[in-house]
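These notebook entries record what I looked up, topic by topic. I begin with charged pairs and then turn to helix packing.

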Amino acid sequence: MQLVARSIALLAFVMPVAAGQKHDKALLDAARASDWSGVRKAYRYASHRVRAYVLRQLVAQFRTETPQSEARLTNVAWTLTGCGKRGFESLDKCWRMSAQRPSSRRAIVAGWTRSSSPSAQKRILKAVWDRDVTVSERAIRACADFTHLKDSWRRTMIETLLRRYDKINSDSAGAKRDSDEYRAYVSLPVPIRETLTVLSGGEKFDSAEAWGAWFKENRDKLPALTPEKS
C-alpha cells in the first residue's frame, strides 16, 4: 500500500509543458524528484498554471489515505513556505485538513520553523494553543528559533507563552488524568520555561507567577540577546 501511495505521489507531478518552457519543466522535474530546494528555487520563475498545479499536488501530500512520513511532510511544508503568499495559504489549508493528524500538524510547525519568517511565526503562535500536546509543545519550542526577529516579536512570543502557561494552570484544577488539560499540565510547563529562558536571554524561573513578574518588569525594555544567548 505504501509503495502504491508513493507511486501515485510521483505520478501526480506528470504534467505536459510546451517545448521551450524551461522554467516550467524545471519546477515539475524538481517536484517529481522531491527536490525541495529545487522547487523553492524554480517556483518564482514558472508560469502561473504550473505553479498552481504544483501547489495543488503538494497540498495533496497531506490528504493521502496512507499518511506520508513526518519527515517528508516537514519538507513539503517547508517547500510551501518558499512559494510566496499562495504557498503559505496552501499550507494553511493543509493545517485545517490535518486537525485529526497530529503528526501532520507537527510537520507543518517544523516546516514553518525552518522558514524562519514573521509569517511563519505568526502561525506558530496560534499552534501554541493546539489541543494536542505534542503539536503545542513543538510550537512552543519553535519560538526559541525566532530570536532573530525584532523585539516586538520577541515580546509577543513571551506574552503568548505566559498566557498559555496561565491557562494550563487554571485548566488543570479538577482535570481528569485522561483529559487534554491534564496532559498539558504534565507535558508543557517545562518546554514553556525552557523557551522563555532562551527568549529572556538566560533567565530561569520555576513558575508562571515568577515569569509573569519578570515580564512585567522587563516588558518595555527586554534584555539584549547576545549570539550565545539567542
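By about how much of a helical turn are Lys 167 and Asp 171 separated in helix 10 (residues 151-172)? I found that they are separated by about one helical turn, being four residues apart in that helix. I note that helices (H or I, at least four residues) and strands (E, at least two) are DSSP runs, numbered from the N terminus.

**Entry 1: basis.** I am reading a predicted model, in which local features need pLDDT of at least 70, side-chain atom pairs count only at pLDDT 80 or more, and totals for chains, interfaces and linings use all residues. Residues are numbered from 1 along each chain as its sequence is written, and side-chain values use heavy atoms, with hydrogens and water left out.

**Entry 2: salt bridges.** I looked up the total and found 14 salt bridges in the structure. The term stands for a side-chain nitrogen of Lys or Arg within 4 Å of a carboxyl oxygen of Asp or Glu. Lys 167 and Asp 171 form one of them, at 2.5 Å from N to O. For accessibility I used these classes: buried is under 20% relative accessible area, exposed is over 50%, and partly exposed is in between (1.4 Å probe, protein chains only). Lys 167 is partly exposed at 38%, and Asp 171 is partly exposed at 29%.

**Entry 3: Glu 70.** Arg 106 forms a salt bridge with Glu 70, with the closest N and O atoms 3.1 Å apart. This pair links distant parts of the chain, since Arg 106 is in helix 7 (residues 102-115) and Glu 70 is in helix 5 (residues 70-81), 36 residues apart. Arg 106 counts as buried, at 19% relative accessibility.
Arg 138 also meets Glu 70 in a salt bridge, at 3.2 Å from N to O. Because Arg 138 lies in helix 9 (residues 133-142) and Glu 70 in helix 5, the pair ties together parts that are 68 residues apart in sequence. Arg 138 is partly exposed, at 31%.

**Entry 4: a network.** I also noted that salt bridges link Arg 131, Asp 180, Glu 181 and Arg 183 in a network.

**Entry 5: helix 4 and helix 6.** Two packed helices are described by the angle between their axes and the distance between the axes. Axes are lines fitted to C-alpha atoms, for helices over the stretch in contact, and angles run from 0 to 180 degrees between N-to-C directions. I found helix 4 (residues 48-60) packed against helix 6 (residues 84-97) at about 25°, with the axes 10 Å apart. Helix 4 is therefore roughly parallel to helix 6, a label for angles under 35 degrees. Contact means heavy atoms within 4.5 Å. The residues in contact include Leu 55 and Val 59 of helix 4 and Cys 94 and Met 97 of helix 6.

**Entry 6: helix 6 and helix 8.** Helix 6 packs with helix 8 (residues 118-127) at about 15°, and their axes are 12 Å apart. This makes helix 6 roughly parallel to helix 8. Here I found Phe 88, Asp 92 and Trp 95 of helix 6 meeting Ser 119, Ala 120, Arg 123 and Ala 127 of helix 8.

Key
Parallel < 35°, antiparallel > 145°, perpendicular 65-115°, else oblique.
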